[in-house]
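Trainee: I have a chain to go through with you. Can we take it fold first, then residue by residue?

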Amino acid sequence: MCIRDSSYPVDWMKAEGITNGTAPGIFSPKHLVTRGQMVSFLFRDAKSPTGSTPHQFTDVPRTAFFSPAVDWATPTITNGTAPGIFSPNGMTTRAQMATFLWRDAGSPMGNPNSGFDDVPNGAYYEEAVDWLVAQGTTCLLYTSDAADDPLCVGLGGRRLIKKKNTKQHTHHT
């Protein structure tokens, strides 16, 4: 099933407390997702658990809205972009997003090769992409590059949702 009405995923994320938008009454569907926002989405989806060890990233102030999410995500979901650096305002790459989702799922190994020509053997995200494809994922997008592709599910422009493949694998990068 392909969700073409982009309000459904947005309504679901809001109802689940995963996002409140970028300002009161504003979702910002054409904005890209930052690393701080991505870990916040995952953290809130996990029901915002408490008791995490404080992160050691020098670029994440304790007062930042995403600081508790970074605490929770470190080191099981992310180790940052460099020693002591998380890059919270950096855009989440497709490789990072796949890796965050895979690690959040427990890093399941042993999935068949994804078949993507641009996923090199041994890349840090190779197992993550293999896992996403094994789950039936045909699209994992966070920009508008495939907004009109009927095989892709949009999240109001943020493209955080993946679509289950109901037919043959058709890869979109």
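Mentor: Start with a term: buried means under 20% relative accessible area, exposed over 50%, and partly exposed in between, with a 1.4 Å probe and protein chains only. This is a predicted model, where local features need pLDDT of at least 70, side-chain atom pairs count only at pLDDT 80 or more, and totals for chains, interfaces and linings use all residues. Residues are numbered from 1 along each chain as its sequence is written, and side-chain values use heavy atoms, without hydrogens and water.

Trainee: What share of the 173 residues counts as buried?

Mentor: The chain has 173 residues. By the cut-off of under 20%, the buried share is 45%.

Trainee: Which pattern does the chain follow along the sequence?

Mentor: Helices (H or I, at least four residues) and strands (E, at least two) are DSSP runs, numbered from the N terminus. The chain holds 5 helices and 2 strands. Read in order, they give α-α-α-α-α-β-β.

Trainee: Is G84 buried or partly exposed?

Mentor: G84 sits in the loop between α3 (67–73) and α4 (94–104). Its C-alpha is 6.2 Å from that of Q56, 28 residues away in sequence. Because its relative accessibility is 27%, G84 counts as partly exposed.

Trainee: Which side chain of opposite charge is nearest to E126?

Mentor: E126 lies in helix α5 (residues 126–134). Lys and Arg count as positive, Asp and Glu as negative; His and the chain ends are not counted. E126 is buried and has no salt bridge (a Lys or Arg side-chain nitrogen within 4 Å of a carboxyl oxygen of Asp or Glu).
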